[in-house]
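User: I would like to go through the terms used for this structure one by one, and to hear in each case what stands behind the word.

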Amino acid sequence: MRKTLFGIVAVCGLLAIGLASNVMANGKLAGGDADIIMVSPQMIVLAKVASVTVHTKIPYNLVDTGTIDEPNTVELNGVVASSTWADDCGDLVARFDVADLALTADKDVTLTLTGSFKAGGTFTAIDVVSVK
């Protein structure tokens with residue numbers, strides 16, 4: 001009986017932690033235009049992190065992510081995304097190689113995501129991360 005109760009409490013605790021992390025991540029994206037992107041991780045340890053992922057509130061189907069004949073227009077500080085995809089909400093997610101970003105350690109860095117829409121026009125969004 002105690003083992004079953006302990007198991008139920010442990011599972012509930014893990015679910016609560018997962019829910020809290022989702023709420024925090026979505027809270028970052030829930031603001032106005034200033035919070036249209038979130039770079040993950042927020043602290044980039046150059047010796048350990050190989051790539052960063054940018055989560056957006058921009059619908060993936062509206063973004064010009066390139067074709068076989070045309071390059072991807074999604075860039076972070078001028079570096080073309082190594083991959084792009086839609087998240088569960090249908091929004092743009094892009095991955096970038098840290099080595100290509102030429103980041104400097106022991107600084108807070110502003111990362112600027114830019115790209116083009118399929119119908120014309122461009123978007124720009126920023127996020128600030130710590131680099132160690």
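User: Why is phenylalanine 117 called partly exposed?

Analyst: The relative accessible area of phenylalanine 117 is 26%, and since buried means under 20%, exposed over 50% and partly exposed anything in between (1.4 Å probe, protein chains only), phenylalanine 117 counts as partly exposed. This is a predicted model, in which local features need pLDDT of at least 70 and side-chain atom pairs count only at pLDDT 80 or more, while totals for chains, interfaces and linings use all residues. Residues are numbered from 1 along each chain as its sequence is written, and side-chain values use heavy atoms, with hydrogens and water left out.

User: What is the order of the five strands in the open sheet, and what makes some of them edge strands?

Analyst: The order is 2-9-8-4-5, and the pairing is mixed. Strand 2 (43-44) and strand 5 (79-80) are the edge strands, as each pairs on one side only.

User: Which strands stand at the edges of the four-stranded sheet, and why?

Analyst: This open sheet has the order 1-3-7-6 with antiparallel pairing. Strand 1 and strand 6 (83-86) each have a single partner strand, so one side of each is left without a neighbour in the sheet. Neighbouring strands are turned by 20 degrees against each other on average, direction ignored, where the axes are lines fitted to C-alpha atoms and angles run from 0 to 180 degrees between N-to-C directions. Strand 1 and strand 3 pair in the antiparallel sense over four bridges, with valine 54 in strand 3 as the bridge partner of valine 39. Four bridges also join strand 6 to strand 7, and here serine 83 stands opposite arginine 95. Strand 6 and strand 7 form a hairpin with four residues between them, and glycine 90 in the turn has a positive phi of about 85 degrees.

User: Why does tryptophan 85 count as partly exposed?

Analyst: Tryptophan 85, which is found in strand 6, has a relative accessibility of 30% and therefore counts as partly exposed. Leaving out residues up to four places away in sequence, tryptophan 85 touches Thr53, Tyr60, Asp91, Leu92, Val93 and Arg95, a contact being heavy atoms within 4.5 Å.

User: Why is asparagine 72 called buried, and what does its side chain reach?

Analyst: Asparagine 72 has a relative accessible area of 15%, so it is buried; it lies in the loop between strand 3 and strand 4 (75-76). A polar atom of its side chain lies 2.9 Å from the backbone nitrogen of valine 74. A polar contact is a pair of N or O atoms within 3.5 Å, where within protein one must be able to donate a hydrogen and the other to accept it, and residues adjacent in sequence count only if both atoms are side-chain atoms.

User: Is threonine 73 buried or exposed?

Analyst: Threonine 73, in the loop between strand 3 and strand 4, counts as buried at 19% relative accessibility. Its side chain reaches the backbone oxygen of aspartate 64 at 2.5 Å.

Note on methods. Pairing = 2+ DSSP bridges. Helix = DSSP H or I, 4+ residues; strand = E, 2+ residues; numbered from the N terminus.
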